[in-house]
2 protein chains.
Amino acid sequence: MTNHTTKAFDADLLELRRKVGEMGGLAERQTAAAVDALAHCDLALARRVILIDDMIDRLQREIEEVSVVTIARRQPMAVDLREIVGALRIANDLERIGDLAKNIGKRVLALKGQILPQKAVRGVRHMADLVLAQLKAVLDSYACRDAEQALVVWRSDEAVDAVNNSLFGEVFAYMMADPHNVTLCIHLLFCAKNIEREGDHATNIAETVHYIVEGRTLGDGRPRADRTSQALVTIAPGRS
Amino acid sequence: MTNHTTKAFDADLLELRRKVGEMGGLAERQTAAAVDALAHCDLALARRVILIDDMIDRLQREIEEVSVVTIARRQPMAVDLREIVGALRIANDLERIGDLAKNIGKRVLALKGQILPQKAVRGVRHMADLVLAQLKAVLDSYACRDAEQALVVWRSDEAVDAVNNSLFGEVFAYMMADPHNVTLCIHLLFCAKNIEREGDHATNIAETVHYIVEGRTLGDGRPRADRTSQALVTIAPGRS
């Protein structure tokens, strides 16, 4: 590219990185707040979680704009282009994480303060802690251009899945024990599913960080989500 | 922009439109097949649904590549830039639709041929028909640059939500009647949720088509998803 070393181009890239970092920080705080709201039936906090999503969406649009303008103006090649395409992809995953956290907030509002089974809530929180650690690590790996750390996140999906599977079993048993628990339990299952999917997006981001740094796409070697569907069947087979 | 009228640039844009159209066609077929697989417990079809997703993902990457190369090479402004950014956004929504359909395919495999409550399956199919009609209409509006038709899709979310709410009620009753139905029912609820979310993505695409044609973003006037959570609570309040 022609302007590789110009300060203007570096400033564009820095702005992109800063915005992605800001978006990541918001998504982390939003997820933590969503789980707090769920655990404490905190309707006011749930409303704040929903509002944060607008800020995340706005940041995604800004990242899209800066990316397009930068590509058009600087015509970057190779590593710089990867940097911009990578920012677009990460913003996309962070936006989805924001949506999933918002959805938990909406469910908290729908529950209207009903008390949830605390053992299951602890399971959800445990899952969220794991996912938040993944998210933090992958955002660090983006900030430091650390492909190794990204790989560690990319491979760390199993722990989340294990907690999710055991949580599904618990919630399931609770549902079987008393049909009146079904409403609450379905909300919990959807919340757990949302957090599991946030973890999937964290591993997507890890893939993108690896692509930015190494210029190669990772293969399909990583075990991936949606094992809860199988788990459900294993734990309690329905009628055949 | 400098090359607005060049054949090369027009060819780039045409290629983008063609690829988006192809992706849309695949997402439509994949969704229809996923619901067929669910209705008939057809494991072989479910496996094909899962495989289609790779083709959709590959097309998304190709659209991303063509977009970036076109932006860098032609430095388009205004309407042409909207065209490219729009293609990127639509590809993104279609990729999510593909993921959601794939997830239904995975659930069909997990069910291992267990018979589902046919009334609920009919509800899911009804929802899917509505969403497929939305998807077809919005892809047509993209092909014809028809902002009016896009607006119609954008406003057509309520029908899907109404079917989804009544379906949730049915599945819910079925679950309450016999806890042994819970596994199947949870799968059905997740499948219904996936289809509802496909409808959300169809309305996102409608928003993008409107943006491409009119250059303006639509406001937040459209009623949006996740009413099933409220519905659930209304239909059968759990313990408080």
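## Helices of chains A and B

Helix α7 of chain A is followed by A:G215, whose phi is positive, near 75°. This is a predicted model, in which local features need pLDDT of at least 70 and side-chain atom pairs count only at pLDDT 80 or more, while totals for chains, interfaces and linings use all residues. Residues are numbered from 1 along each chain as its sequence is written, chains are lettered from A and ligands numbered from 1 in the order in which they are written, and side-chain values use heavy atoms, with hydrogens and water left out. Here is a friendly tour.

**Chain A overall**

- Chain A has eight helices and zero strands, where helices (H or I, at least four residues) and strands (E, at least two) are DSSP runs numbered from the N terminus.
- Read from the N terminus, its elements go α-α-α-α-α-α-α-α.
- Of the 240 residues in chain A, 59% count as buried; buried means under 20% relative accessible area, exposed over 50%, and partly exposed in between, with a 1.4 Å probe and protein chains only.
- Take the contacts (heavy atoms within 4.5 Å) in chain A between residues at least 6 apart in sequence: 86% of them join residues at least 24 apart.

**Helix α7 of chain A**

- This helix covers residues 182-214, and its 33 residues should span 48 Å at 1.5 Å a residue; the end C-alpha atoms are 47 Å apart, which agrees. The expected span is 1.5 Å times one less than the number of residues.
- α7(A) is mostly covered, with 30 of its 33 residues buried.

**Helix pairs**

- In chain A, α4 (residues 118-143) and α6 (residues 157-177) pack at an angle of about 165°, with their axes 10 Å apart. Axes are lines fitted to C-alpha atoms, for helices over the stretch in contact, and angles run from 0 to 180 degrees between N-to-C directions.
- α4(A) and α6(A) are therefore roughly antiparallel; angles over 145 degrees count as such, under 35 as roughly parallel, 65 to 115 as roughly perpendicular and the rest as oblique.
- Residues making this contact include A:G123, A:M127 and A:L130 of α4(A), and A:V160, A:V163 and A:L167 of α6(A).
- In chain B, the axes of α5 (residues 147-154) and α7 (residues 182-214) come within 8 Å and cross at roughly 155°, which makes α5(B) roughly antiparallel to α7(B).
- Among the residues in that contact are B:L151 and B:W154 of α5(B), along with B:A206 and B:H210 of α7(B).

**Two residues of helix α1 in chain B**

- B:T31 lies in α1 (residues 7-39) and counts as buried because its relative accessibility is 1%.
- The side chain of B:T31 makes a polar contact with that of B:E198 at 2.8 Å. A polar contact is a pair of N or O atoms within 3.5 Å; within protein, one must be able to donate a hydrogen and the other to accept it, and residues adjacent in sequence count only if both atoms are side-chain atoms.
- Beyond its neighbours within four places in sequence, B:T31 touches B:I97, B:A101, B:L132 and B:E198.
- B:A27 is also in α1 of chain B, and at 0% relative accessibility B:A27 counts as buried.
- With neighbours within four places in sequence set aside, B:A27 is in contact with B:I56, B:L94, B:I97 and B:L135.

**B:V163 in helix α6**

- B:V163 sits in α6 (residues 157-177) of chain B and is buried, with a relative accessible area of 12%.
- Leaving out neighbours within four places in sequence, B:V163 contacts B:G123, B:H126, B:M127 and B:L130.
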